Amino acid sequence: MPDSAPLDAPLLADLRPGDSFFNATWRISLAEHRAYKNRDAGFFVVCTVADNTGSHEVRCFDKPPLALEELHSATFVRCDGKVATGSFHGQISLEKVQIIAAPADLSRFEMPVQGDFKAHQARFGDLIRSVRNPHFHALLKEIFRRDGEIWPCFEGAPAATNMHHNYRGGLLEHCGEVALLCERLAGALPHLDRDLLITAALLHDIGKIEEMECDFSSGKIQYTHAGHLVGHIVLGSCLVASAAEKIEGFPTRLKHELMHLILSHHGEPEYGAAKRPMCAEALILSQCDNLSAKIAQCAGKLEGEGDFASTGQNGWHSLPHAPQRTLYVGKMREMREESS
Ligand SMILES: [Fe+2]
Ligand SMILES: [Fe+2]
């Protein structure tokens, strides 16, 4: 029996520090146990909840209301809770959680695009137009044709299941950001092949449209069969090679250089690279890709304020995938508050 969100159910974007809320109806994902800083104190449960205004990490302390296994299998929950003030400013705690059936109207839960999507589209178009090499330019225009099969999948895709740019439009934002970083470095280092670098940057993660599938209604992002077996690096390289082969007169040497930049953009084999970077352009692309992902992690922590429990200090965040590291985003927050 489909459920429905109560009319007075709060949206995530409307919650403010100090608020108590009732009957909040959210999508849920990524439930996990996390240890208290004092490990003898045991574990609490951390989940990510979302609606069509965004997503947020939430916590269940002291006797989690539902077992972790139940939360893992849940897609929608109804919760009561509160938003903290003081040193845990912005942290959302759940006090009552009930798993519910999928609501009849899913529009309330549709994953929103994040950031300035129109600006990211425009930046991507500007970068394509800036490529002067006629072969690379023709390739980019063909792959990213607005009426083609790839563009509608590409522009809405997330760049990852978690870690960085893992939201609708994240892939477009990330690839444009990497290309912009590469362009700035190409300006400072004029002996580089700027057009090879920008073309590869725009295309470097194109294989992600085959590697992952995203259900915008449920918010679930998961790996496809091809994603598990082949991965976006090789999938992307094959896609680009096959598109280049269809363009009359596309030089084989340029095709191989482009493939090399895509195959090596994760830098080292332990991070999934099929080849180590063997030229300056490949080194720069892999560094800019890494930089974009790491800075996005800081920005993501800035948006998901409230993750202070692991260190007890405002602005410090734990990294679930790297328990030995913490991130400080207090400076970024200061800068954002000054500019707003
Ligand atoms: Fe990648
Ligand atoms: Fe990337």
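This is a predicted model: local features need pLDDT of at least 70, side-chain atom pairs count only at pLDDT 80 or more; totals for chains, interfaces and linings use all residues.
Biologist: What pLDDT does the chain average?

Modeller: pLDDT is the predictor's confidence in each residue, from 0 to 100. In this chain, 84% of the residues score at least 70. The average pLDDT for the chain is 85.

Biologist: How many helices and strands does the chain have?

Modeller: Both are DSSP runs numbered from the N terminus: helices are H or I with at least four residues, and strands are E with at least two. Counted that way, the chain has 12 helices and 9 strands.

Biologist: What percentage of the residues is buried?

Modeller: A residue is buried if 20 or more other C-beta atoms, placed from the backbone, lie within 10 Å of its own, exposed if 12 or fewer, and partly exposed in between. The chain has 340 residues, and the buried share is 36%.

Biologist: Are helix 9 and helix 10 roughly parallel or roughly antiparallel?

Modeller: Axes are lines fitted to C-alpha atoms, for helices over the stretch in contact, with angles from 0 to 180 degrees between N-to-C directions. Angles under 35 degrees count as roughly parallel, over 145 as roughly antiparallel, 65 to 115 as roughly perpendicular and the rest as oblique. The axes of helix 9 (residues 232–245) and helix 10 (residues 252–263) come within 9 Å and cross at roughly 165°. That angle makes the two helices roughly antiparallel.

Biologist: Which residues of helix 10 make the contact with helix 9?

Modeller: From helix 9, the contact takes in Ile 233, Gly 236, Ser 237, Val 240, Ala 241 and Ala 244. From helix 10 come Lys 255, Leu 258, Met 259, Ile 262 and Leu 263.

Biologist: Is the crossing of helix 5 and helix 6 left-handed or right-handed?

Modeller: Helix 5 (residues 170–188) and helix 6 (residues 194–203) pack with axes 8 Å apart at about 165°, so they are roughly antiparallel. A crossing is left-handed if the near helix is turned anticlockwise from the far one by less than a right angle, and right-handed if clockwise. For helix 5 and helix 6, the crossing is right-handed.

Biologist: How many nonpolar residues does that contact of helix 5 with helix 6 have?

Modeller: Ala, Val, Leu, Ile, Met, Phe, Trp, Tyr, Cys and Pro count as nonpolar, Asp, Glu, Lys and Arg as charged, and the others, Gly among them, as polar. The contact has 2 charged residues and no polar ones, and the nonpolar count is 9.

Biologist: And helix 3 with helix 6: roughly parallel or roughly antiparallel?

Modeller: Helix 3 (residues 134–143) and helix 6 have axes that come within 10 Å and cross at roughly 15°. Helix 3 passes helix 6 in a left-handed crossing. With that angle, helix 3 and helix 6 are roughly parallel.

Biologist: Is His 165 buried or exposed?

Modeller: Most residues other than glycine have a negative phi. His 165 has a positive phi, near 50°, and sits in the loop between helix 4 (150–156) and helix 5. His 165 has 26 C-beta neighbours inside 10 Å, so it counts as buried.

Biologist: Which residues does Leu 239 touch, leaving out those up to four places away in sequence?

Modeller: Leu 239 is in helix 9 and is partly exposed, with 19 other C-beta atoms within 10 Å. Leu 239 and Gly 207 are 32 residues apart in sequence but 7.3 Å apart in space, C-alpha to C-alpha. The residues Leu 239 touches are Ile 206 and Gly 207.

Terms used: Residues are numbered from 1 along each chain as its sequence is written. Chains are lettered from A and ligands numbered from 1 in the order in which they are written. Two residues are in contact if their C-beta atoms, placed from the backbone, lie within 7 Å.
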